[in-house]
Amino acid sequence: MSALKLTAALAAAVLLHLLGVHLIPSFTLFVDVFLVMVVLYALEGSSLAALLAGLMVGLLHDTLTSGPYGLFGFADTIVGYTTARLAQRLVIQRSTSVLALVSFASVAQQAIVAGLAFVLLPTPELPNPLWVAVKAAVCGLLGMLIHIATINWRRSAETRKRGRMSRLRLG
Amino acid sequence: MDERRTGWVLIVVLVIQLVFLAAQGSRQGDTVLERLSLRFLGPGARAVASLPNSFGGFREGLRTREGLQEDNLRLRREVEDLKLRLMQLTDIENEAHRLGAAVRHATPPLGRIRAVDVVYADHTSWLRTLVLYCGAEPAHKNQPVLSADGLVGRVVLVSGPYAKVQLVTDRAAGVGAMILRTRRQGVVRGSGRGSGGLELDYVPLQADVRPGDFVITAGIDGVYPRGIPVGAVVAVAQGGQLFHKIQLAPAVDFGTLDQVYLLDYEPLSAEIMSPDFKSPQKEPAPGVRP
């Protein structure tokens with residue numbers, strides 16, 4: 001079930017990323033759909049699953065960039081694992097907490113990628129700090145919206161299920 | 001699995017990735033995993049690229065019939081002008097061939113050009129790239145990629161019909177180039193400021209460089225043939241004790257690329273590149289004893 005969920009989330013992230021770049025040329029400058037997906041998946045709490053999800057998503061992201069293959073794989077692995085460990089210790093009650101968590105994860109991921117690029121590339125090109133902040137904010141917002149939508153969808157699914165069960169009992 | 005074991009898994013995965021990253025070095029885009037990944041993402045990118053760009057379509061829809069008629073008229077005139085220009089150039093080309101034959105000088109052929117579709121374009125982030133769909137005839141590594149305006153980049157990864165391109169504006173890309181007016185050579189690189197601009201390095205302070213000078217490929221790097229437009233000089237400053245600091249505006253608007261051209265070009269023939277290559281023995285001129 002978890003693998004199915006991961007595959008569906010991965011397909012959704014890839015589709016959203018490709019559509020975003022197709023419709024808005026500067027899409028990758030201010031949002032990272034792959035990172036949002038990794039953090040939201042890691043919030044479920046299994047650190048091994050989050051680690052593997054981060055690795056897979058990061059390597060897919062690497063395919064669509066010109067840097068050394070594995071930059072985002074490395075960064076997203078760390079982000080996925082750390083988020084899952086945090087989620088095991090924290091109780092997230094407000095959606096704004098998700099916003100803060102995704103934003104922080106975005107800054108951390110961009111810092112890891114920039115640090116690795118600085119070490120590995122002879123002439124590294126580092127991201128603009130302003131765009132790092134914008135990307136963190138937009139990722140946070142997107143993560144919060146998806147989180148709210150997921151909670152609402154789960155609640156309505158639960159209500160529908162309960163309704164069906166009570167009808168069955170009455171019958 | 002308990003958390004302690006997961007921690008060990010994390011360390012092992014990270015170490016493997018670090019070793020993998022370090023081992024790649026300059027062999028960018030040459031991993032089996034990346035090729036597989038591109039093969040997996042390519043069809044999705046192609047399907048999305050075939051969808052209409054709704055913003056562009058909406059804009060087009062708002063254009064009046066009058067506007068389209070004006071465009072049509074202007075394009076017809078442009079075609080007529082270009083036909084005349086082509087006739088003049090064909091004449092010049094024939095003359096150049098005749099003169100070349102007289103002095104036994106063979107101009108290297110530019111190579112065959114074929115159009116391919118851009119299915120994914122990220123030209124704004126600092127790790128910018130293009131993904132191409134090349135159809136039944138796949139691209140090959142280091143193949144030059146052009147647009148009608150000039151140089152786009154080179155193919156760094158091929159996976160089936162899909163190819164990944166390193167743009168000329170990439171900080172890691174280097175192109176042997178020269179200033180058209182003075183033939184002074186240098187190396188063009190991405191400026192690395194997120195602006196998508198270019199820099200021309202290693203041009204000595206004594207060299208004559210002016211804003212507005214055109215820069216073309218020099219054909220000295222073993223990847224690109226000579227004469228492809230790269231950009232134009234926009235600013236010249238003293239970079240250090242030896243070289244100018246020259247900024248260029250790229251010849252190509254990377255935001256408008258939906259189709260590019262792959263150039264089948266061999267800088268050195270396969271025979272020369274072979275380790276068994278031996279230079280041919282010169283035949284003695286008639287009447288001269290060997």
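This report describes chain B of a predicted model, together with a nonpolar core to which chain A also contributes.

Residues are numbered from 1 along each chain as its sequence is written, and chains are lettered from A, with ligands numbered from 1, in the order in which they are written. In this predicted model, local features need pLDDT of at least 70 and side-chain atom pairs count only at pLDDT 80 or more, whereas totals for chains, interfaces and linings use all residues.

| Domain of chain B | Residues |
|---|---|
| domain 1 | residues 63-102 |
| domain 2 | residues 175-252 |

The C-alpha centres of these two domains lie 29 Å apart.

Six strands of chain B form a closed barrel in the order E6-E7-E8-E11-E10-E9, with antiparallel pairing, where a pair requires at least two DSSP bridges. Strand E6 (residues 175-179) and strand E9 (residues 214-217), both of chain B, are joined by three bridges, and Met178(B) has Ile216(B) in E9(B) as its bridge partner.

Ile216(B) is also among the residues touched by Val230(B), as are Leu151(B) and Val175(B); contact means C-beta atoms, placed from the backbone, within 7 Å. Val230(B) is in turn one of the residues with the most contacts inside the largest nonpolar core, which has 99 residues. The largest share of this core, ten residues, comes from helix H3 (residues 33-42) of chain A. Such a core joins buried Ala, Val, Leu, Ile, Met, Phe, Trp, Tyr and Cys residues through C-beta atoms within 7 Å, and a residue is buried if 20 or more other C-beta atoms lie within 10 Å of its own, exposed if 12 or fewer, and partly exposed in between.

How values were computed: Helix = DSSP H or I, 4+ residues; strand = E, 2+ residues; numbered from the N terminus. Contact = placed C-beta atoms within 7 Å. Domains from an automatic or database assignment. Lists of a residue's contacts leave out its neighbours within four places in sequence.
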